[in-house]
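I opened this notebook to keep track of what I looked up, one topic at a time. My entries follow in the order of my searching.

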Amino acid sequence: MVKKNTDKNSASQGQKTIALNKTARHEYHLEARFEAGISLQGWELKAIRAGRLAMSESYAVVKGGEILWFGAQITPLLSASTHVIADDRRTRKLLLHRHEIDKLVGKVERDGYTLIPTACYWKGNKVKLEIALAKGKQAHDKRQASKDRDWQREQQRAMRRHNKNA
């Protein structure tokens, strides 16, 4: 499902951010965003509630008609169960509708896109992962993006100064 709601008051709608991938916008051109569920074990859910998720170097891969999440680290709690062997960098399955998976498989395999996790958040009592179809930026694109950001900031400052004097 393509995420259409970009409301800044998402916490008031039952969504609370767990982790963000802040470098994703700097490193990639983000095209479309999708919301996916995550297949988690019990100890992982408890660790996420305690804030022990690191997803900065994670990525999603299409494998065997499924989408898998690699590289995310969920550090187990010390009070984790002794009969469960906790693997903090386990590969986790992402849960999407079949038509969404087919669309992503086509874009990744034919068009050369990459699947990048951009945010992890609570939706009700479930953990959701926002993944984006992305293409990598080159060095000159990154420099241009930072120049554009600086220019927008300067424009805002000039407008505030102008409105303050009016």
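I began with the term I needed for single residues: buried means under 20% relative accessible area, exposed over 50%, and partly exposed in between, with a 1.4 Å probe and protein chains only. I noted that this is a predicted model, in which local features need pLDDT of at least 70 and side-chain atom pairs count only at pLDDT 80 or more, while totals for chains, interfaces and linings use all residues. Residues are numbered from 1 along each chain as its sequence is written, and side-chain values use heavy atoms, with hydrogens and water left out.

I then looked up Tyr59, which counts as partly exposed because its relative accessibility is 39%. Searching the whole structure for aromatic pairs (ring centres of Phe, Tyr or the six-membered ring of Trp within 6.5 Å; stacked under 30 degrees between planes, edge-to-face over 60, the rest tilted), I found one. Tyr59 and Phe70 form this stacked pair, with 5.7 Å from centre to centre and 20 degrees between the planes. Tyr59 lies in strand 4 (residues 59-63) and Phe70 in strand 5 (residues 66-70), eleven residues apart; helices (H or I, at least four residues) and strands (E, at least two) are DSSP runs numbered from the N terminus.

Next I turned to Glu44, which I placed in helix 2 (residues 42-49). Glu44 counts as buried because its relative accessibility is 0%. Leaving out residues up to four places away in sequence, I listed Ser39, Ile74, Arg90 and Arg92 as touching Glu44, where contact means heavy atoms within 4.5 Å.

Finally I noted for the whole protein that 30% of its 166 residues count as buried.
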